[in-house]
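I keep these entries as a record of what I looked up in one model, in the order in which I looked. The coordinates come up first, and my notes come after them.

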Amino acid sequence: MTIYDISEKAGVSIATVSRVLNGSNNVSEKTKKKVLDVINQYEYTPNAFARGLGLNTMKTIGIMCADSSDLYLAKAIYYLEQLLRANGYDSILCCTGYEQKAKVSSINLLITKKVDGIILVGSNFIYDKEADNQYIVDAAAQMPVMVLNADMDVPNVYSVVSDDYTSMYNATLQMIGTGIKDIVYFYNSTSYSGKKKLAGYRAAMEEKKLLSGGNLMQFYHGSHEDIPAMAEQLRKLHDKGVSFHGVIAADDVLALGALKYAKEEGYRIPEDFSVLGYNNSMLSVCCEPELTSIDNKLETLCQHLINTLMGVLSGNEMPKKTVFSGEIIKRGTTR
């Protein structure tokens, strides 16, 4: 028996059940009785989600990320931990890697630690097959699960996302508008977010009838720290006879690989060759010329995610999904 089961059997929302458990006055006596009758009937014992009773709450949130050495994920973890601390919560961090088995193991570990909620940082936790997401569904039946930059329509799962599709679509059209028609899309992930970015690029290129084949879409398989290998992949593409004078990258590290390639080929940037990155990380101002990049509003996303989580834990009705728009920050690598 979980808080989700109680909400179904009582015919009320999860937030209403939480209000009853929290002793809130914002519930009618009739509704309160309905919920308590179900609780008594099934001998439900509140877990950490029932914070207001003063029982079992650890004032702790579990955070899961695939790779804390990734600049985007590391920055997100920093923001989330700072915001949680400001709200009186500690955190437990699990770096899972990318294998599903490890993700399942980590989420089960956090559940046994009686955390008050779980935050999934990044879109690598969401799979295409519904059955592969069951570990998240099971966790959400016991506590709120927050997903940063991925969408999942499941009870007690709350998503805060950046509109990666529109951001990449607009960026591609903008580069085309500067006169560059042969634009390579350089990416290294097929996660939820990765697919949205790729779809935005494809849509813009197809709209302008510029996507003649698959060579312009380059998937990079190597280490995210090996910038020379990224440059080498683009060099091999050029050596195969594929002409391109622009690269739009799925993150700023890949963009630096493209910038290295362009400089080694002797291109003038941005006159002969344009590069655009994603995430607007500190790397965007660590190169010459400085990198044009899409700011996906990570700090804003994290702030809203924590605000939503605090609202849920307080028994309030909160939006299931919130979408923020990215912004192109123009610097010296695009016309």
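**Conventions.** I am working with a predicted model, in which local features need pLDDT of at least 70 and side-chain atom pairs count only at pLDDT 80 or more, whereas totals for chains, interfaces and linings use all residues. Residues are numbered from 1 along each chain as its sequence is written, and side-chain values use heavy atoms, with hydrogens and water left out.

**Overall values.** The C-alpha trace spans about 75 × 35 × 35 Å along its principal axes. I then looked up burial, for which buried means under 20% relative accessible area, exposed means over 50% and partly exposed lies in between, with a 1.4 Å probe and protein chains only. On that scale 52% of the 335 residues count as buried. The accessible surface comes to about 14800 Å², with 48% of it belonging to carbon and sulfur atoms; these areas come from the Shrake-Rupley method with a 1.4 Å probe, and for residues only the protein chains shown count as cover.

For contacts (heavy atoms within 4.5 Å) I took the pairs of residues at least 6 apart in sequence, and 72% of these contacts join residues at least 24 apart. For charges, Lys and Arg count as positive and Asp and Glu as negative, without His and the chain ends, and each charge is placed at NZ of Lys, CZ of Arg, CG of Asp or CD of Glu. There are 34 positive and 38 negative side chains, and the centres of the two sets lie 3 Å apart.

I next followed the pairing here, where two strands pair if DSSP finds at least two bridges between them. Strand β8 (residues 246-249) pairs with β9 in the parallel sense over three bridges, and V247 stands opposite V275 in β9.

From β9 (residues 274-278) I went on to β10, which pairs with β9 in the parallel sense over three bridges. The partner of L276 in β10 is T292, and that of Y278 is I294. Strand β12 (residues 327-329) runs antiparallel to β10, with three bridges joining the two, and D295 has E327 as its bridge partner in β12.

I also wanted to know which way the side chains point. In a regular strand the side chains alternate between the two faces of the sheet. In β9, S274, L276 and Y278 lie on one side and V275 and G277 on the other, and all are buried. In β10 (residues 292-295), T292 and I294 point one way and S293 and D295 the other, and these residues are all buried too.

The pairing of β3 and β4 is parallel, over four bridges, and M146 in β4 is the bridge partner of I119. β3, α6 and β4 make a right-handed β-α-β unit. On its other listed pairing, β4 (residues 145-148) has V145 and V147 on one face and M146 and L148 on the other, all buried, and β4 pairs with β5 (residues 157-162) in the parallel sense over four bridges. V147 stands opposite S159 in β5.

**Backbone checks.** I looked up the cis peptide bonds and noted one joining I269 and P270, with omega about 10°, where P270 is in the loop between α10 and β9. Another joins E288 and P289, with omega about -5°, and P289 is in the loop between β9 and β10.The loop between β9 and β10 also holds N279, which has a positive phi of about 110° although it is not a glycine. Is N279 buried or exposed? N279 is buried, because its relative accessible area is 17%. K114, in the loop between α5 (100-112) and β3 (117-121), also has a positive phi, near 60°, without being a glycine, and K114 counts as partly exposed at 42% relative accessibility.

**One last residue.** Q134 lies in helix α6 (residues 134-140) and counts as partly exposed, at 39% relative accessibility. The C-alpha atoms of Q134 and V160, 26 residues apart along the chain, are separated by 20 Å.

How values were computed
Right-handed = clockwise from strand over helix to strand, strands pointing away.
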